[in-house]
Amino acid sequence: MLYLAEVQKTTASFGLGGKVELKLLACQRSEQNWTAVPGEEVIAAEEAKNFNAGALVLADLNNNRQVKRVQEAGRQLVSILQNFSRMQEKFKTQEEEIEQWKQSLTYQSQELNRREMEMEARREQLQALEEDSEKLEQQRQEIAGAREEADRLREEIERKSQELEGAWEHLRGEMRRLEETKEDIQKSAGLDAEQANKLHEILSRISGAVAPTDQIREQVNQAFGLISGQQTLLDQHWQRLEQKRSEAEQLQAEVDRQSQDLETRWQEWHQAQVSLDQACGEVKIQQTTLQLKQEEAQNLSLLLQNQEDLYQQMYRLAESSDDVQVSARIDLEALDKMPVDELQSLVQDLQRDQDKVYHFVNDQEEELRLQMEEIEALQQKIQSANDYDRLALETELAEEQDRYQMLNETLVGQRRNLRERQEVLAKHQSVLQRRQGIQVDSSQERPTVDLGPVLSQLDSQRQQQAEVLQKLEGQVSQMRGAIEQAQGMISQQTGEQDAKRNELKQWEENLRSQRSTVAELWGQVNLYQEWLQPTQDSLNGLRQASEAIAGILGQFQEASDYQLQAIADMRQVMQSLVAEQAPELAAS
């Protein structure tokens, strides 16, 4: 099984010997699944001796927890982090897509509701148009009926005219016969009874041949009334047509104006989008620069960590060996010139100070030992405890381990301080004994290696690099703040751009709907025009035909009146002739 581990090395005295161990950190469960190793599990691994202490490696262990193979974990960690980053980007993209889908579904739902309302409004308009069409069709049928009635009247008038023409011919014949009879009467100077009766019969037949015009005139007047009523309805429809045409022209002008405004707004949006894309490009450049700065800071931090590790290793070397000293440099010439009494007092002060620190460190060491015993006792309790008590004991164990770690880290500096004080005290005592004339067995003294200058130089380099790192981190922090501020502005502008785009899309959709409404309104106007104009033309033709019939009827009435007047004149002439003949008949 594959584990992620940290290389730990312990060094024996004088840098010889030591052992290499692996601290197991995480275990691979599957290709993309890693689980942290509970506790601090450490196994021996000589295979990792070529790696530096603190290095992260991948260790392949068998079932017996023995190391089969160790390899560097850098590339694998980079690959895992890249996969994790890609998965995060993928999840973020999927979340954005889901959010876009939600917005799209919401917009589609709103659009569907709006379309349903528009369809309902159009259905009502179509129903109104159907009703108007039915009314127009009914009026057309009425006009067609009126036209048929007018045609019937024209045929009847023509028939009456033919009858009248026949009556006129008959009248003319009778008139000729009457003239002939009159001439005979004048020649014979009188009328007998038989001739008078015959003339009465002829005049009666002529009077009966005159056709009546009252019924025809009444029907013509009814036709004019029907035409007038139809014209009133058509005038209402013409007025409605003009209203719809005016409404269509106004709506068309509004649609044209909104189209121009929409085009201007789209141009402004595209210009803002170009500026936003430029800002995004600048932010990407700043992010690249920030990444380089971060890598530089990371490398510098890693260098400082290595120097700190070297510094700590040298101190641990000094602590593990009596032949190495790390005390600060002491001015031996000043000690040689110092009065013996003053030097002796200084040594006594250093001795008391060293004793204090020594007792304090011993007390801390004892407390650390008791703390370790407490941890071991808790670990034994955990092994034999049930599941319910184990949770509380593990929490207590974690707290005790934290306290132990904190105390141990504190003791590292205290031990180092004690070691330095012991070295300083030893040098002062050596100078004091030499000046007091006390012989010191030099054969028992072993040469020591003073690491103080080296540690001072390392500490100076650490401080310089720490200042550079602090300055670099300040730049990184400043750049990160500027990038975050720019990203915030870009995010805000992106939101505003998206909102404006959605608004413009909605505007386009509304404008498209208005164009459809305008087209429908113009269609209604054209349809009204197509329906009304032929109907108006038919009604005008019917009016002209009715007026022609009325003219013929007037002529017919005038001829009838003339006929009746001629008959009356003939009756009067006949009566005068009969009156003249009567005395003669009486005398005979």
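Colour by element, and from the N terminus the order reads β-β-β-β-β-α-α-α-β-α-α-α-β-α. The model is predicted, with local features requiring pLDDT of at least 70, side-chain atom pairs counted only at pLDDT 80 or more, and totals for chains, interfaces and linings using all residues. Residues are numbered from 1 along each chain as its sequence is written, and side-chain values use heavy atoms, with hydrogens and water left out.

Next, colour by pLDDT, the predictor's confidence in each residue, from 0 to 100. The chain has a mean of 76, and 74% of its residues reach 70 or more. Where pLDDT is low, the predicted coordinates should not be read in detail.

Now select Leu-22, Leu-24, Leu-61, Val-67 and Val-70. Within the largest nonpolar core, of 16 residues, these touch the most other members. Such a core is a set of buried Ala, Val, Leu, Ile, Met, Phe, Trp, Tyr and Cys residues joined through side-chain atoms within 4.5 Å, where buried means under 20% relative accessible area (1.4 Å probe, protein chains only). Strands E1 (2–10), E2 (19–30), E3 (33–44), E4 (56–61) and E5 (67–72) each supply at least two residues of this core, and E2 gives the largest share, four. Centre on Leu-22: beyond four places in sequence, its contacts include Val-7, Val-42, Ile-43, Val-57, Val-67 and Val-70. Apart from this core lies another, of 13 residues, among them Val-357, Ile-382, Leu-397 and Tyr-404.

Finally, select Gln-100, Gln-103, Asp-498, Arg-501 and Asn-502, which lie nearest the centre of the second largest pocket among its 22 lining residues. Helices H1 (74–188), H3 (214–320) and H7 (452–587) are the elements giving two or more residues to this lining, and H1 gives the most, eleven.

Methods:
On a 1 Å grid over the protein atoms alone, a cavity is a set of points where a 1.4 Å probe fits but cannot get out, and a pocket is an open set with protein on both sides within 12 Å along at least five of seven lines; lining residues have an atom within 4 Å of a point. Buried means under 20% relative accessible area, exposed over 50%, partly exposed in between (1.4 Å probe, protein chains only). Contact means heavy atoms within 4.5 Å.
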